[in-house]
Amino acid sequence: MSNIVRQEYNISGTQRQAQMGHGALLVWFTGLSGSGKSTLANAVEQKLHAAGVHTYTLDGDNVRHGLNKDLGFSAEDRTENIRRIAEVANLMLDAGLVVLSAFVSPYLKDRQAIKDVVGAEGFMEVFVDTPLEVCEQRDVKGLYAKARAGQIPDFTGISAPYQAPEKPDFRIDTSVTGLDESANLLTELIMTRVK
């Protein structure tokens with residue numbers, strides 16, 4: 001890496017945020033598959049968009065169709081998946097966006113690494129703390145049934161661990177709190193961080 005020199009530009013992230021009219025923030029949704037991460041992120045993005053906040057959503061499945069299609073689900077590949085997303089999100093923060101990222105991201109060390117990349121002031125951890133049994137009942141993608149049948153190795157919550165956040169900025173159980181209420185509560189919290 002000795003031949004790589006970081007290019008400096010004349011427009012700063014602070015100037016981009018000023019032009020956007022709000023601060024930049026990475027809202028990181030973590031939780032089991034089927035917990036409601038993507039659904040909640042989508043609902044929050046709609047509310048932020050309606051309020052004039054410039055956003056972009058990064059979703060686990062969508063990213064694995066392109067940028068991370070070369071990665072599997074081993075512990076090492078999961079870490080690399082999250083590392084790449086953190087770097088992409090960091091570029092988006094520099095552009096002045098509020099980025100909503102919905103990834104299982106099961107390991108504490110990986111989520112800490114995201115925070116280290118973007119900085120604590122630009123990171124909000126959202127724990128979608130829906131019980132495993134509810135996620136399995138939803139099983140919209142049929143993944144839990146396949147994991148239980150041994151067809152999917154390294155499946156978080158079944159044959160691979162999920163390390164719950166110790167001190168998330170926001171915790172919600174989507175089996176207890178409805179989508180609209182959850183989205184309103186989280187949107188209000190995000191607005192306090194970016195306005």
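This is a predicted model: local features need pLDDT of at least 70, side-chain atom pairs count only at pLDDT 80 or more; totals for chains, interfaces and linings use all residues.

**The largest pocket**

Author: Happy to! Residues are numbered from 1 along each chain as its sequence is written, and side-chain values use heavy atoms, leaving out hydrogens and water.

The volume of the largest pocket is about 740 Å³. A pocket here is an open set of points on a 1 Å grid over the protein atoms alone, with protein on both sides within 12 Å along at least five of seven lines, and a lining residue has an atom within 4 Å of a point. Points are joined across faces, edges and corners, and a volume is the space filled by probe spheres (1.4 Å probe) set on them.

To find its middle, look for S33, K37, D61, V104 and K141, the closest to the centre among the 34 residues of the lining. Two or more lining residues come from each of α2 (37-50), α3 (60-64), α4 (75-94) and α8 (179-194); helices are DSSP runs (H or I, at least four residues), numbered from the N terminus. Of these elements, α2 gives the most, with 4 residues.

Helix α4 also turns up elsewhere: α4 provides the largest share of the lining of the second largest pocket, 5 residues. That second pocket has a volume of about 510 Å³, and of its 17 lining residues R6, N90, L91, L93 and D94 are the closest to the centre.
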